[in-house]
Amino acid sequence: MSHVKDPKLAAQGRLKIEYAESHMPALLKIRADFKKKKPFRGLRIAMALHVTKETAVLVETLQQGGAKVAISSCNPLSTQDDVAAALAKSGTDVFAYKGENKTDYYKFLNKVLDTNPHITIDDGCDLITLIHTKRKNLLKNLIGGCEETTTGINRLHAMERDGALKYPIIAVNDNKTKHLTDNYYGTGQSSWDGILRATNILIAGKTIVVAGYGDCGKGVALRGKGMGAHVIVTEINPFRALQATLDGFRVMKMSEAVRIGDIFITVTGGKHVIAKEHFGKMKSGAILANAGHFDIEIDTVALTKMAKKKRSMRPFLDEYTLAGGGANGKKLYLVADGRLCNLGAAEGHPSEVMALSFAGQALACKYLVDKLNSNEKLPAGVHTLPESIDDYIASLQLNAMGISIDKLTTEQEKYNSGWMEGT
């Protein structure tokens with residue numbers, strides 16, 4: 001039933017999954033508990049996630065808990081074909097290959113929904129949107145779902161405001177163990193991994209323009225600075241712009257930054273942050289990369305129309321030649337088709353980071369089931385996990401790292417909860 005690029009890649013994919021497991025002890029601790037208690041016995045889970053070695057560990061964790069899992073990609077360029085083959089060989093329904101066209105992308109989303117799921121796990125909200133627009137018949141059986149991206153949560157809040165969201169979704173993205181660790185440390189490192197694999201250029205001395213100073217942008221900017229780059233930040237939010245300034249970065253409008261940047265990285269979740277009017281003002285040789293979830297932050301359609309020639313220079317690096325810029329024209333370089341550079345040109349976040357994000361996904365699914373079993377099914381809307389679950393995930397990771405922390409004494413707890421004691 002699966003659709004993968006090459007089943008013969010399964011052996012290599014299995015090695016990658018085993019390697020990822022060795023760096024994801026927090027999630028494996030949850031797996032051991034799931035294996036004993038089987039919280040998902042008889043339940044079907046439909047997933048639209050990046051099909052990576054780390055995602056495979058989550059899939060098999062849920063399966064150990066008794067779930068029947070079907071998975072498609074949430075991005076046409078992020079699938080690791082050997083991992084997809086390994087999952088398919090082990091009996092998981094997998095519908096994904098690297099470089100999917102738009103027709104296959106949506107066909108595969110529908111394939112996982114054909115399993116009539118009880119729980120959805122989404123990355124970007126495409127699966128949830130499809131249910132609410134074209135597969136409304138599935139709503140009656142849905143217990144709930146999870147979403148782990150800022151982009152997806154923004155879409156869900158918009159659905160909620162419009163009264164369109166018809167089942168409960170856990171905003172895993174709002175977990176501290178996800179939002180800070182995944183966005184700041186994960187995106188900060190893996191985005192540069194993708195850019196470096198695609199370009200193999202020296203970062204030191206370059207002028208880097210980071211569009212957006214949320215948690216992802218902060219991580220990207222910090223690591224650019226750490227490699228010796230001169231970092232410029234563009235922002236629309238006054239406080240974030242102020243914070244970037246106080247962190248030591250130059251802040252300016254994109255219309256100014258385009259004239260001096262060597263590398264541009266968009267991390268906003270917005271549309272056309274780098275637009276048609278910007279390309280003509282850039283220096284020849286500028287590199288464009290996107291670290292946001294969807295491929296709309298850089299207006300690649302306009303770039304293609306403006307180019308008089310396009311060449312593939314290296315894996316996941318295309319050269320666009322524009323009019324101007326000397327006898328041979330201005331050349332701009334686009335990483336991974338303007339899609340997620342960390343997954344399009346590299347392997348995504350390190351396993352240690354995804355262990356925390358996927359621990360949140362796994363425990364969010366269990367939380368939905370526990371609420372149902374206790375006759376407290378969550379209402380339709382966007383929900384966050386209790387802080388105690390987030391703290392439990394952090395504790396699992398600390399234990400795995402061999403780190404112990406302090407505990408309040410009875411006297412300290414009394415002082416913290418009271419108000420009578422003062423100067």
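Predicted model: local features only at pLDDT ≥ 70, side-chain atom pairs only at ≥ 80, totals over all residues.

Reader: How do you know that the radius of gyration agrees with that of a compact globule?

Author: The radius of gyration is taken over C-alpha atoms, and the globule rule is 2.2 Å times the number of residues to the power 0.38. For 423 residues the rule gives a value near 22 Å, and the protein has 22 Å, so the two agree. Along the principal axes, the C-alpha atoms fill a box of roughly 70 × 70 × 45 Å.

Reader: What makes a residue buried or exposed?

Author: Buried means under 20% relative accessible area, exposed means over 50%, and partly exposed lies in between, with a 1.4 Å probe and protein chains only. Of the 423 residues, 55% count as buried.

Reader: How many helices and strands are there, and what makes a stretch count as one?

Author: The protein has 17 helices and 15 strands. Both are DSSP runs numbered from the N terminus: helices (H or I) have at least four residues, strands (E) at least two.

Reader: Why is strand S8 described as largely enclosed?

Author: Strand S8 covers residues 230–234, and four of these five residues are buried, so the rest of the structure largely encloses the strand.

Reader: What makes S8 a partner of strands S7 and S9?

Author: Two strands pair if DSSP finds at least two bridges between them. Strand S7 (residues 207–211) has five bridges to S8, in the parallel sense; Val-209 is partnered with Ile-232, and Val-210 with Val-233. Strand S9 (residues 250–251) has two bridges to S8, also parallel, and Val-233 stands opposite Val-251 there. The chain crosses from S8 through H10 to S9 in a right-handed β-α-β crossover.

Reader: Why is that crossover called right-handed?

Author: The term applies if, with the strands pointing away from the viewer, the path from the first strand over the helix to the second runs clockwise. S7, helix H9 (residues 215–226) and S8 likewise make a right-handed β-α-β unit.

Reader: Which strands form the open sheet, and in what order?

Author: Eight strands form it in the order S9-S8-S7-S10-S11-S14-S13-S12, with mixed pairing. The edge strands are S9 and strand S12 (307–314), as each pairs on one side only.

Reader: Why is strand S2 also described as largely enclosed?

Author: Four of the five residues of S2 (residues 68–72) are buried, so the rest of the structure largely encloses this strand. Five bridges join strand S1 (residues 44–48) to S2 in parallel, with Met-47 opposite Ile-71. The crossover from S1 through helix H3 (residues 53–64) to S2 is right-handed. Three bridges join S2 to strand S3 (residues 93–95), again in parallel.

Reader: What makes the contact between Asp-33 and Lys-37 a salt bridge?

Author: The definition asks for a side-chain nitrogen of Lys or Arg within 4 Å of a carboxyl oxygen of Asp or Glu. The closest N and O atoms of Asp-33 and Lys-37 are 3.2 Å apart, and the pair forms a salt bridge. The two residues are four apart in helix H2 (residues 25–37), so about one helical turn separates them. Asp-33, at 23% relative accessible area, is partly exposed, whereas Lys-37, at 56%, is exposed.

Reader: What does the salt bridge between Asp-126 and Arg-155 tie together?

Author: The side chains of Asp-126 and Arg-155 meet at 2.8 Å, N to O. Asp-126 lies in helix H6 and Arg-155 in helix H7 (residues 150–161), so the pair ties together parts that are 29 residues apart in sequence. Asp-126 counts as buried, at 12% relative accessibility, and Arg-155 as partly exposed, at 27%. The whole structure has 23 salt bridges.

Technical notes:
Residues numbered from 1 in each chain as written. Heavy atoms only, no water.
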